[in-house]
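Open the model in your viewer and keep the selection tool ready. The tour goes stop by stop.

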Amino acid sequence: MGAHGPAKGLTRWLFTTNHKDIGTMYLWFSFAMFLLGGSFAMIIRAELFQPGLQIVEPEFFNQMTTMHGLVMVFGAIMPAFVGLANWMIPLMIGAPDMALPRMNNWSFWILPPAFALLASTLFMEGGGPNFGWTFYAPLSTTYAPPSVTYFIFGVHIMGLSSIMGAINIIATIVNMRAPGMTYMKMPLFVWTWLITAFLLVAVMPVLAGAVTMMLMDIHFGTSFFSAAGGGDPVLFQHVFWFFGHPEVYIIILPGFGVVSQIIPTFSRKPLFGYDSMVYATASIAFLSFIVWAHHMYTVGMPIAGELFFMYATMLIAVPTAAKVFNWITTMFKGSLTFETPMLFSIAFVFLFTVGGFSGLMLAIAPADFQYHDTYFVVAHFHYTMVAGAIFSMSAAVYYWLPKWTGKMYNETMGKTHFWVSFVGFNLTFFPQHFVGLAGMPRRIPDYNLMFADFNMMSSIGAFIYGASQLLFLFNVVRTITHGEKIDDPKVWDGAHGLEWTVPTPAPYHTFTTPPDVKEVEAHG
Amino acid sequence: MAERTDKGIFYTAAKLMAVCVAMFAFVFVVMVPLYNVLCDVLGINGKTGGRYEVTENIIDTSRTVKVQFVANFNEQMPWEFKPNTTVVKVHPGEATNITYFARNTQPRDMVAQAIPSVVPSRAAEYFHKTECFCFNRQPLVAGGEADLGLQFIVDPDLPKDIHTITLSYTIFDVTEMAQPQSDSVAAR
Ligand code: HEM
Ligand SMILES: [Cu+2]
């Protein structure tokens, strides 16, 4: 196999089976979805800037909350981490490419049509999905707009894409590791993705089952979720959350992996408690299958059920806390420097922990009767998903961008992006804890006057956070076009791992002959 | 090496695809039936069981339980529907008959389905229906009316702290769903 470069022109991207090309496409696609979902969020926050109805109709507002959630979860966060996996996993385990390169091409290229279909529902008669990203029946069946069929089809396609991506990642990690790269030498990003991929294989088919049942109820006269025919709408919630809770860990585990790479680099110390990190990740993944009903405390479960799900949920805090402990201990007495990736990672540890604490509050079944479906829940999951998944993703881009492009991003601009994001994010979501505890319901376009001040703060924060992402985009584009050239394979002096042994920028083909894995080059 | 890994990749991928197929099937052949069975057995969601066969005839005259009847309408169900008796006091073990009244207010023939639910849901497994209009769909011609019968027994094993049981029927318009008279729907 000669070291030939990429094909030229558009067909390079259409037919490519190169893991770096596909990773790049995933990353750009997810950023585009991030901006689309973000603009929906801007509409939501603009409407909520003041009490009363000003800007959009309530029906459209519902479509915005729904589409914002769907696009962010399935279009922005998940593909972003799949893109990262494509780029980094082969480089980290010393493999020449992904195990199933042709399938890799497919799993990316079916995504844009799926989201084009989803977005197009906004222009259809009756509007787009308006039943929340959790699409509870019967809102999504009996009362759904006609476009729901396209929504279902879109979910099927993106589910297929995720499954193919996950199979590919597992097949790569299991079969393509360089000689000497044993499982317990794999970098944590690879470990967390391996476990994430297993979660995906287990629960994406459940999501497919849920939407298939909806489709059958709507078009083929079955009554899975319709009480009139002997079905039960609560069944929908069980099926959905059996998928949904593992899904939130699908979203966060790769982020755990990213910060576990970055913190040691900028602490110039090996990761503290590597083994316990692996076991903690695996236990979180296992527990995520037995806690789903903490989203359903108010449906009228028997008391034994409430108690079981409450204690099981609280148990998850134990392995999670072990991870936080390890990150902090890694930094302890390290020679820290605070480049942009490190800033995002430290903020991740700090803010994700805040999200974990609000999660623990929500886990308390009797308390959740008050918190459920309020802005407190919204605050909780944005602390875990924005400060968790998105912050770690931003950290990852700054960390590996020099390796990808051979050019250094502008550090001042990066730090500005970080601080503006940090302030904007907290200004947006911290006050939502308060309005939530005071009883402001989520997914409502209008609210009581007493919530006005905090909502205005939230909206201002959201505009700031949104604007800072444009700075991010600008910085990345400017790096690619005008960035200062670097050619040190290591880029960061404290970095460890095989990805830092290949030249900078990473050539189109790497590790065509397997590297020699020395102890020191593994996870460090 | 390439040989070995190619085979390995194929087997890994095949196994994972099998897991996917199995999980998809799991939703339909395990989750859905299991949920329905659990709800029936445990009375979760106030679901009551199907037709009850009387096995023994012990009437516990030392206890009296109040049973209340409620009627609900699903969305645009336009019928008139109400219990003829709103409250009865019964001894556990004794069979009691009551009726609901239904009238089709519309100028067209319609079919309805009543779905029962019991509160407190803990009582659901002790509330037995020996006869119930909810076991069948209810057709009524335009303007037609009917008294719909229910015979029930409160189980003598009903926990001692339960003194009142409320039975609610929600009535659904199933005219469109109704095939040419199938009389045993999955109603519970
Ligand atoms: C210590 C860990 C966590 C605990 C104890 C926890 C607990 C909970 C509970 C009890 C709820 C339900 C609240 C309600 O609806 O009343 C909830 C909602 C939610 N959590 Fe967490 N959580 C944790 C971590 C996470 C993570 C890591 C993520 C994602 C990255 C996440 C994402 C969500 C989302 C998206 C919802 C709301 C779903 C919705 O109704 O739209 N959580 N959490
Ligand atoms: Cu959950």
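Predicted model: local features only at pLDDT ≥ 70, side-chain atom pairs only at ≥ 80, totals over all residues.

Residues are numbered from 1 along each chain as its sequence is written, chains are lettered from A and ligands numbered from 1 in the order in which they are written, and side-chain values use heavy atoms, with hydrogens and water left out.

**Stop 1: the interface**

Select chain A and chain B together. The contact (heavy atoms within 4.5 Å) draws 39 residues from chain A and 29 residues from chain B. The buried area between the two chains is about 2700 Å²; this is the accessible area (1.4 Å probe) that two parts lose on being put together, summed over both. Carbon and sulfur atoms give 77% of that area.

Now pick Ile167(A), Asn175(A) and Ala228(A). In chain A, these lose the most area to chain B, together 20% of what that side buries.

Next, colour helices H6 (148–175), H7 (188–219) and H8 (233–267) of chain A. These are the elements that give two or more residues to the side touching chain B. H7(A) gives the most, with 10 residues. Helices (H or I, at least four residues) and strands (E, at least two) are DSSP runs, numbered from the N terminus.

How many salt bridges link chain A and chain B? The count is 0, where a salt bridge is a side-chain nitrogen of Lys or Arg within 4 Å of a carboxyl oxygen of Asp or Glu.

**Stop 2: the sheet in chain B**

Move to chain B. Here 4 strands form an open antiparallel sheet, ordered S2-S4-S8-S6. Strands S2 (80–83) and S6 (127–132) are the edges, each pairing on one side only. Two strands pair if DSSP finds at least two bridges between them.

Select S8(B), residues 145–154. S4(B), residues 95–103, pairs with S8(B) over 9 bridges. Find Thr99(B) opposite Gly149(B). S6(B) pairs with S8(B) over 5 bridges. Look there for Glu131(B) opposite Gln151(B), and for Cys132(B), whose bridge partner is Leu150(B).

**Stop 3: Ser394(A)**

Return to chain A and select helix H13, residues 375–405, which holds Ser394(A). Is Ser394(A) buried or exposed? Ser394(A) counts as buried because its relative accessibility is 4%; buried means under 20% relative accessible area, exposed over 50%, partly exposed in between (1.4 Å probe, protein chains only).
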